[in-house]
Each structure stands twice: as structure tokens, then as C-alpha cells.
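Please look through the sequence and the 3D structure shown here before reading on.

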Amino acid sequence: MWAEESVFYQIYPMGFTGAPFENDGVLTHRILQVLDWIPHMTKLGVNAVYFSPIFESDTHGYNTRDYYKIDTRLGTNDDFKKVVDELHKADIKVVLDGVFNHVGRGFWAFKDVQEKKWDSQYKDWFYLNFDGNSNYNDGFWYEGWEGNFDLVKINLRHPDVKEHIFKAVQSWVDDLGIDGLRLDVAYMVDRDFLKELRYRTSQMKQDFYLIGETIHGDYNQIMNDEMLHSVTNYECYKGLYSSFNSMNMFEIVHSLLREFGPENWTLYKGKHLLSFVDNHDVSRIASTLTNDRHLKPIYTMLMGMPGIPCIYYGSEWGFKADKKDGDPALRPHFDAPEWNDLSEYISKLAEVKKNSKALNYGDFTSVCLTNPACVFERNCGDERVLVCVNAGDGDWFAGFDRGTNRALDLMTGEEVELNGGVNVPGCSGRLLKLL
């Protein structure tokens, strides 16, 4: 499918456009700012955009008020349709955040319950207890997401709730033209709902792609032929930055072998997880890494390992932000995109990744491994690519025999002679196609 040959770009629209945190109800056409970034995305080499929540909400987007209406702070449905159309013209697919586990306190059906209590026809849309009370003194208790009572858990087993959501998704496909969804907190979403969502969306649009947010556990529970196509690879997210900061490549290679290695017990062999070095919920990678010189090799690792790489807006030029300073710091507004040496490097990686069958579909074999450096091979049968990463300051000669003495450096286009291995300069990465 298209997603498996893509490099994703994540935009958090509320922060990206500089929208106020509280919904002020003032219609402002901020989402059209994305149009000015399309040339940047094209230059960067991305061919899919994942938008964090864009629908009417109380504050940050994850507390939905209306699944059928683009948030007033961002603009109108027609505004977003224009954005989607222009992205499609640039051969960029569009994935939206599907926030279906919970809604905001401003959600119209919940407000009906607040007003009418027992007499509300929507009381069974939520998990309520009229013998209790809420933190907000509603006169009834309700279940919130992980104790966050501004996020009201909805009953995804209720037929009317499901139809309301499925009709919304149908409108996103028909009226807006989207190509997929990223399911918020997918690990908590009712499994039968996920099955029905997979079936329904497969009927709406051919190759409609579903990605789920997962953190811990066995991802196969919701990433399978009946539910989601892909999930977020948080295991390797931690392994990526930790391996560089501790100068211990054994950690990330262990995770990659556990997930994609040659053994029969490998967890996710042949599957395509969404991989990332940062996103809207965690510190920027330029702040997480203790050595700025590790930015290029960590992106080499991201593009070279199995999975679908995703770049978070601003990180392609090394923007810094720390989670301890709060979520708004991670989700800023920029007047315009920036371009520097890191951006240029990532753009070259993206082009190599998209156009390499081995990097898109190849298996994973560890070839050479030391504390500060590693080489692994991606092999799809008719193409073999070596991914070489050196976090050390000095040059490293990686010694190996892969049955040939010739390779093509995919970043430079130059042919390389392999004399028992290859040299990898300090704090760098190389992608070598075996000839």
C-alpha cells in the first residue's frame, strides 16, 4: 500500500497555525497557512501528511465537540478541502487524527445529558452513574480517559454512537478527500469497533490506511488483518535516542531484532510500523540528544530501519523544545519553514527511502555491532542495502563480508569498493546498495 512507501510529515494544526488554546469561537482561516508549506514539504521529500486533530474542540483538539466541523479557530470545511486538494496535487496523501475513545465536555450529546440528565436520549452514549457526581458538579459521575475528566469516554458499543462516527468518517472521505486515519489512544479503543472501522473504511476508499497510537504491549493485538494496518513504534522511539545518548547501539539493534529479525518468534516481521524520533507528545529530538552531531545519524537510522518514518514539523531543521516546559512548547507556530544542512540531509534520505524496495520492504539482519556503531542489512531479494551508523567521534571501519566487493552509496551516487568492509566517518551514517 501507498503508506508503506511513504515518508510522513506530522503537523499539529492548533500550534502550527498559532490558534488560541481556548476555543474563542472566532472563525479564522488559519488552516490555509498549510498551503504556504507545501513547497517545503515537497522539497523535504515527504509524500504523506498526518494532521493532529482538526475538528471542533474545547481546547487542544483531543476534546472534540463536533466530528463534522473543522475547528472554528482553523477555518471552515471548505478551507481544509482546499488544503487537501493542493496536497493531493503535490502527490502528498492526507491522514487525519481519529479521536474516537473520548470527546470533550463541549460535545453536543454530552451537553444534552448535562441539561436533561436521565431524560437525555444520549445518556447511553457515555459511561454514566446518576448516583454519583463529577469533579465539575454535573449531578452525575462519568468515566474520563485515564482520570482526565475533560475527556469524556464514549460508548463505542452503542449502535448510534458507531453510526455517528462512521458517517463522520464517510464525510471526511467524500467531502474532504482524506486517505487514512491515525487512531488516538488506539490501545484503549474497543476492539470490535476497530474491526468494524477497518471494514467500513475499506469500503469507503481503496487503500484507506489505519494507524493506531500504541505505547506498550503486543502491537499485534490491534495491528492485524482485521483491525489496523500499522501502529506507532514507541519501543524503537525510546531505543533510538537512548542508544545515541548512552553510546550503546546494542539497545536499538536488540529492539529491531526483537521486532523484525530473522527468527521465527520475531514480533512484527513483514509489518510496517510508524517510526519517529519525536512527535507532539515528547521532547524534540534536538533537545533529547546530548550531542547535536547525532542528528544526522539518528535520522539515517530512522529512514533505514523497517517502518514508515514520520518527521515532526520543525524538527527537520533542528528546532529544540523540552517536554518539561509543557505541551505548547512542543507545538509552536512558525512564521515560515526553515531550511539548513540537516533539512537538506533529511530530504536526501527521504528520496532514497521512498525509492528503495529494500528499505520499504526488506527484512532485517544485524551485520556489525559495537557500542557506538552498527551496520544492518535490508534485503528484499532483488535489492540489498546496508545501513551504516556511527555515533562515535572518530572514523570507524566496519569489517564484514556480504558476498560482494562493490556497493553504490545511495546518498552520493558514487560507487564504493568494499575491501573487507567499509569506513564510516564519525557522527554519520551511510546507505550502501550492494552490487
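This is a predicted model: local features need pLDDT of at least 70, side-chain atom pairs count only at pLDDT 80 or more; totals for chains, interfaces and linings use all residues.

Residues are numbered from 1 along each chain as its sequence is written, and side-chain values use heavy atoms, with hydrogens and water left out.

The protein has 13 helices and 23 strands, where helices (H or I, at least four residues) and strands (E, at least two) are DSSP runs numbered from the N terminus. With a radius of gyration of 23 Å, close to the 22 Å that the globule rule gives for 435 residues, the protein is as compact as a globular protein of that length; the radius is taken over C-alpha atoms, and the rule is 2.2 Å times the number of residues to the power 0.38. The C-alpha trace spans about 80 × 45 × 40 Å along its principal axes.

Of the 435 residues, 59% are buried, and here buried means under 20% relative accessible area, exposed over 50%, and partly exposed in between (1.4 Å probe, protein chains only). Contacts, meaning heavy atoms within 4.5 Å, can also be sorted by distance along the chain: among those between residues at least 6 apart in sequence, 68% join residues at least 24 apart.

The protein carries 45 positive and 65 negative side chains, and the centres of the two sets lie 1 Å apart; Lys and Arg count as positive and Asp and Glu as negative, with His and the chain ends not counted, and each charge is placed at NZ of Lys, CZ of Arg, CG of Asp or CD of Glu. Side chains of opposite charge can pair when their charged atoms come close. If a salt bridge is a side-chain nitrogen of Lys or Arg within 4 Å of a carboxyl oxygen of Asp or Glu, the count comes to 33 salt bridges.

One of them joins glutamate 86 and lysine 89, whose closest N and O atoms are 3.1 Å apart. Both residues lie in helix α3 (residues 77–89), three residues apart, about one turn of the helix. Glutamate 86 is partly exposed at 29% relative accessibility, whereas lysine 89 is exposed at 63%.

Which parts of the chain does the salt bridge between aspartate 190 and arginine 157 tie together? The two side chains meet at 3.0 Å, N to O. Aspartate 190 lies in the loop between β11 (180–183) and α6 (191–204) and arginine 157 in the loop between β10 (148–153) and α5 (159–176), so the pair ties together parts that are 33 residues apart in sequence. Aspartate 190 is buried at 19%, while arginine 157 is exposed at 53%. Arginine 157 also forms a salt bridge with aspartate 192, with the closest N and O atoms 2.8 Å apart. Because aspartate 192 lies in helix α6, this pair ties together parts that are 35 residues apart in sequence.

Finally, Asp97, Arg182, Asp184 and Glu213 are linked in a network of salt bridges. Glutamate 213 sits in the loop between β12 (209–212) and β13 (230–231) and is buried, with a relative accessible area of 6%.
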